[in-house]
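Here is a short briefing for a first look at this structure.

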Amino acid sequence: MRGVAFVGYKKSGKTTTVEAVASVLKGRGYRVVVAKSMHADFDREGSDTWRFSRVADEVLVRARDTDALLFRARDLNALLSMVSADFVLFEGFKAVKHVPRVVCARDEWEVGELDGGLAVAVSGVIASKGIREVNGLPVIDATREPEKLADLVEEKAFMLPNIDCGLCGFTCELMAKKIVSGEKTPRDCVILSQRPKVTVRIDGKVLPMKDWVQELVEKTVKGMLSAMKGYRDGRRIEIVIRDD
């Protein structure tokens, strides 16, 4: 998965910008997930779901307008492990510093406050004022040029593992800043550059899998095949399923 955070203060145009970019990326055939940071309580104290969550591991909700799975993720990585996507667009999440960001601002001061060495573009309310550049960052109006902003997201988006393993010699935040500045690329992340043990392609498109899913698939397939006559260990196992 690749990601971009759309950060900004209240009423800066974050939601409109994310909606525009998500719509374009979806139209291009990508699977898009939007992660929204909320300051209000989603599962208010005293409600039925709140009471259930005190005694259950997870709560499934079926409502007239939507369905939901309520659970408490220990961190952002655990939350993202629940989804599979080509792009994750973070709405808010100023504390997220392992992905690049689009600053949604009302004025140039807010851009300076929120850049943090991770910004790749500026959008939001300031883009409607005719300003084309702030601190060397392009200002793109998502309401008028959503394709242009989506192009930039396609080009610049990445997501580091957010585990600060130190194998590259940096924290994920510092590595992200170096990638944004052009000093490094995502391939310089040791974790991301590792070759996956299991690769599944559907009509040529790679199906993203977490490490534990790869391990599950590997052990399941090898376990089934090992019971068959003629099976032997090999460095590479290929299985093709056609649905012609």
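Two strands count as paired if DSSP finds at least two bridges between them. Helices (H or I, at least four residues) and strands (E, at least two) are DSSP runs, numbered from the N terminus. This is a predicted model, in which local features need pLDDT of at least 70 and side-chain atom pairs count only at pLDDT 80 or more, while totals for chains, interfaces and linings use all residues. Residues are numbered from 1 along each chain as its sequence is written, and side-chain values use heavy atoms, leaving out hydrogens and water.

**The sheet**
- 4 bridges join β6 to β7, and these strands run parallel.
- Val-102 has Ala-121 in β7 as its bridge partner.
- The open sheet has 5 strands with parallel pairing, in the order β2-β5-β1-β6-β7.
- Neighbouring strands are turned by 20° against each other on average, direction ignored. Axes here are lines fitted to C-alpha atoms, for helices over the stretch in contact, and angles run from 0 to 180 degrees between N-to-C directions.
- β2 pairs with β5 (residues 87-91) in the parallel sense, over 5 bridges.
- Ala-35 has Phe-90 in β5 as its bridge partner.

**The helix on the sheet**
- Helix α4 (residues 108-115) packs on the sheet and touches β1 (2-7), β6 (101-104) and β7. Contact means heavy atoms within 4.5 Å.
- The direction of α4 makes about 150° with that of β6.
- β6, α4 and β7 make a right-handed β-α-β unit. Right-handed means that, with the strands pointing away from the viewer, the path from the first strand over the helix to the second runs clockwise.

**The cores**
- A nonpolar core is a set of buried Ala, Val, Leu, Ile, Met, Phe, Trp, Tyr and Cys residues joined through side-chain atoms within 4.5 Å. Buried means under 20% relative accessible area (1.4 Å probe, protein chains only).
- The largest nonpolar core has 24 residues, and Val-88, Phe-90, Val-103, Val-111 and Ile-126 have the most contacts inside it.
- β1, β2, α3 (76-80), β5, α4 and β7 each supply at least two of its residues.
- A second, separate core of 22 residues includes Val-4, Phe-6, Val-32 and Leu-89.
- In β7, 5 of 5 residues are buried.

**Glu-110**
- Glu-110 lies in helix α4.
- Glu-110 counts as buried because its relative accessibility is 4%.
- Its side chain joins that of Arg-106 in a polar contact of 2.5 Å. Such a contact is a pair of N or O atoms within 3.5 Å, one able to donate a hydrogen and the other to accept it.

Key
Buried < 20%, exposed > 50% of the residue type's maximum accessible area, 1.4 Å probe, protein only.
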